[in-house]
2 protein chains.
Amino acid sequence: MFEAKFQNFADDARSGDSGPRLAALREKLKQRKLDGFIVPRADAHQNEYVAPCAERLAWLTGFSGSAGLCVALVDGAALFVDGRYVLQAPQQVDAAFYETLEVAANPPPDWIAEHARAGARIGYDPWVHTPSQIERLGKALSAKDMTLVPVEPNPIDEIWPNRPAPPQGAISLYPERHAGTCAQAKLAQLRGKLQGADAALISDPHALAWAFNIRGADVPHTPIALAFALLPRSTPPTLYVDAGKLDAKTRRALEQFLIVAPPAQLEEDLRRAGSAGETVLFDQATAPIKLVETLREAGGKPRLGEDPAALPKARKNATELAGARAAHVRDGAALTRFLAWFAREAPKGELTEITAAQAIESFRRDTGLLRDISFPTISAFGAHAAIPHYRVTRGSNLKIAAGVYLIDSGAQYLDGTTDVTRTLAVGPASTQFRDHFTRVLKGHIAIARAVFPKGATGAQLDGFARRALWEAGLDFDHGVGHGVGAYLSVHEGPQRISKTGETALEPGMILSNEPGYYRVGEYGIRLENLVVVEPREIAGAEREMRGFETITLAPFDLNCVEPSLMTREETAWLDAYHARVREVLSPLVDETTRAWLDTATRAVGG
Amino acid sequence: MFEAKFQNFADDARSGDSGPRLAALREKLKQRKLDGFIVPRADAHQNEYVAPCAERLAWLTGFSGSAGLCVALVDGAALFVDGRYVLQAPQQVDAAFYETLEVAANPPPDWIAEHARAGARIGYDPWVHTPSQIERLGKALSAKDMTLVPVEPNPIDEIWPNRPAPPQGAISLYPERHAGTCAQAKLAQLRGKLQGADAALISDPHALAWAFNIRGADVPHTPIALAFALLPRSTPPTLYVDAGKLDAKTRRALEQFLIVAPPAQLEEDLRRAGSAGETVLFDQATAPIKLVETLREAGGKPRLGEDPAALPKARKNATELAGARAAHVRDGAALTRFLAWFAREAPKGELTEITAAQAIESFRRDTGLLRDISFPTISAFGAHAAIPHYRVTRGSNLKIAAGVYLIDSGAQYLDGTTDVTRTLAVGPASTQFRDHFTRVLKGHIAIARAVFPKGATGAQLDGFARRALWEAGLDFDHGVGHGVGAYLSVHEGPQRISKTGETALEPGMILSNEPGYYRVGEYGIRLENLVVVEPREIAGAEREMRGFETITLAPFDLNCVEPSLMTREETAWLDAYHARVREVLSPLVDETTRAWLDTATRAVGG
């Protein structure tokens, strides 16, 4: 009945080829007189989603997670993963060849120091590491008399037969009716942020997409084009990109304000800038050390700092916000159709995690405007819901029965990116579960209702979302909110609500509001809406104040709520939110869904 | 009647000598071919309170504030101060010679770039700057083709006639009945934190006092000895200190576990360590660049990091906590005597800010155990209370009449350091003032009642203290809480409650809880108790939880409270706190005070 086009449910494959692949790599290392080589899960832009040709870590080790690092020594090899992957990784890699270690408790330099010879030379590909990553690693290794050595080409590429070609996704112009500002105006804004540098290298493809008003199709779930750009102070910027990604019309449009050049010319241009003694600003979070050193070796002055596009991109303009609101109304109607369908079907006991994930995507596709899902849907029943980053596969797929079901999903529409989580009870909800659910909801409402002055950071708000859980001795181990792009990445910085959220929250920023609670082996709860930071007028205010506008529209499952645990202000917020959901979405859904929505959004306040 | 022995009320003097002093400095700069010289308000340990011989900034410019930086160029000079001192500084310095600038809006490198010639050489004294300060400044200047040049001896010292000698305060042993742990055990603990370094330089005198169980008398208000120490991995530590500070008995006791050496030997020892290729850990917050470079130039490897004593010192042991509680009971009784006296006397209209400051110190001295006040008392009536760091002088001294009075004061006892602020109404309190006072109190109570898991930071709690103010569009521009030492500094890191508080709050840490609100030109409110982080048992808890034990004991002025604005939980906390204050302090005060205390601590809850 339903179908998922943007997600597959393939099982995590266990690598059977570790032996020969590692042997081939070691042969290459010996030829280059190296004692080891570092393979991160990274491309040349430090992207979250990477192209198949950049999946070197997965090819070598079998590990398919979204973050990890392998150190292959001439004897011995280890895979370092974070807490999310400590269970998955050992199932994917061959323990005969790889030790799997949790990275926080086992810093790679310590492991290298213990396993490599004194004076060892450890190689790395300078295209897939930033200068600060190499500086940190290099410092730690030099304290042990070891050295880091840049290696090109990447030895993995030399031994990987039939390695996929780099993606050639078509680049399209992002129309000004969605972007709100023309590229020329954005470039003028960026030039004002060069801090005295002669040029800035744009290495983050999201920044590039925003600055040039383009979108691409090189990686899943995020409409970016893999490319670099150099933005000089006064002459037109150069976009270094495979010409095959540009049709004639798009190229002509871009050439109104920029120069298109082949990727290989970037190094030449940096050398030229270097020999002229120029200062170039690099984004410290994404620029590959290769390019920084190319400038430096030619005599230039690299300056590492914040991507000048990061903050302007985070602060959406009125057009982008209007797009986001429209996308959320559309997405809310699709999600509400799903919720009504789920309420009817789940009690029959025939749904599975996969059929539910297929259904939510199908309802979104029915809008006729779905470009992609914004990340693989987390469709999780029972104990699976307690795994915050659970991904359902044919092997893990559970039948949905009486209990707790959590669905975290999102969409890419041309006018906006969505990300929403609902937690649903199938059958009666226990008193304990309702207590936990209501505490998470109280945290969600505390963020939604928060007012705060100009300059306040996400760190200062983080505790609001946790307070009701803390009072019961409970907590959750992820941030409260991440930034979200405008038809771009569903995970965007620098804005965030977490204990490390040091960026001031400014009007126009879109963030998630997603406290949770996870009871390992039993159930998980996460309640997520997206919010927009907005100016807030308060009578008698002495400060410029801000608050959040909630833009996600879909009912929370009232069967899970215990209103007696809520304050009057909290139930008033919930009732007002549900009234708005009903008012906005009722005209957009079928009659059956509308009838369900009426009940689902009933008032609970006194 | 009352007297202040530890504080004077001298007016801020305006310098009349700026012309000749600046001319003499410029002559020295010319001799050394320098274009300018930087004079920070700092000593060789980055102390908050410095000895008279280190008051170079005040001697040169006339500015007596606790933070500031002067840049004297061959033409032109500027004084950079923070927001606290933008009013005071111009009154103290001679505008004919110094431009006064707010430092955040006017970065010194920008001013230098604008006022010095291209290629300028700017001098600094390498004893009074840390490496990161110089690195930051040097980077900014090198972008403008200027260079920073270390200069010794400090040219100010060469032109300052009758410059005070370095202090020779006697060092005493801090008895183990107060310290709780012997120095040997502390040193073993520090050695475990060398992170592979061969030695650590202890440059923070507070760390040194804690580690060696000593106290000194070199600067006001904080019982530290100005000295450095080197702690090698396995051999005894060396204390570099003027022998005149040690009597024979103290020296013998210290020589049980350390070597006493003259200050000048430190550089020799660092050179020796350097030529042996040793790695030395330096405290990046306090180590002078002079010593870091001495090691590096000799071939050693400086490693900049956290002072290894910072966290152990912050986490007080059971003995230190028992001392802190005893000190706070004693201090609370003295403060309560003051509050009762103030309630009787203030309405007569004869008190002044100075007589009140004298009275509080006198009541504390009556305990027979007062060693010093922990900082100059902030005794502020009306509009003065809106200045968070107000210091009363004979010239500023106001008569206390109907209105708002704020007193922020603290004591140094051998068993503990106190810091407490109360805001009092003289005469009837307006509805608006009670609204503001109650919002500050709600913030204070939110911190006092907070429970949070292991690992939670002060940044995550900061918003709790501001929420009730934010809801009215109000805020305050200082942190919620700073760390406090055990008979040491009243301002201790790394623990803090503020938006930059990234240190996890751990059991035994002492912090202030001091939200405020300042209505410029009218009044100020600050409500401050000290709290101790303690483990907290919660039924059903899944996390290791913590909460705060409030150790300051003194009534809040109930005439300023509007109970109808408080929740039931908030009034319950206030009533329970007042009941404890009454119960603990009643037996310790005279009958008149006791009668007043009974009324002052009446219950307000429903």
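Because the model is predicted, local features need pLDDT of at least 70 and side-chain atom pairs count only at pLDDT 80 or more, while totals for chains, interfaces and linings use all residues; side-chain values use heavy atoms, with hydrogens and water left out. Residues are numbered from 1 along each chain as its sequence is written, and chains are lettered from A, with ligands numbered from 1, in the order in which they are written.

Chain A holds 19 helices and 28 strands, where helices (H or I, at least four residues) and strands (E, at least two) are DSSP runs numbered from the N terminus. Its C-alpha atoms fill a box of roughly 75 × 55 × 45 Å, taken along the principal axes. A compact globule of 606 residues would have a radius of gyration near 25 Å, and the 25 Å of chain A therefore agrees with that expectation; the radius is taken over C-alpha atoms, and the globule rule is 2.2 Å times the number of residues to the power 0.38.

How do the two copies stand to each other?

At the interface, 36 residues of chain B are in contact (heavy atoms within 4.5 Å) with 37 residues of chain A. Because 100% of the interface residues of chain B are also interface residues in chain A, the copies meet through the same surface. The two chains bury about 2,900 Å² between them, 50% of it on carbon and sulfur atoms; this buried area is the accessible area (1.4 Å probe) lost on putting the two parts together, summed over both.

Chain B and chain A share 4 salt bridges, each a side-chain nitrogen of Lys or Arg within 4 Å of a carboxyl oxygen of Asp or Glu. B:Arg543 forms a salt bridge with A:Asp477, with the closest N and O atoms 2.9 Å apart. On the side of chain B that touches chain A, the elements giving two or more residues are β21 (451-453), α17 (458-470) and β25 (516-519), and α17(B) supplies the largest share, 9 residues.

Turning to the backbone, the peptide bond from A:Glu152 to A:Pro153 is cis, with omega near -10 degrees, and A:Pro153 sits in the loop between β6 (147-150) and α6 (155-159) of chain A. In chain B, the bond from B:Glu152 to B:Pro153 is cis, with omega near -10 degrees. A:His221, although not a glycine, has a positive phi of about 70 degrees, and this residue lies in the loop between β9 (214-215) and β10 (228-232) of chain A.
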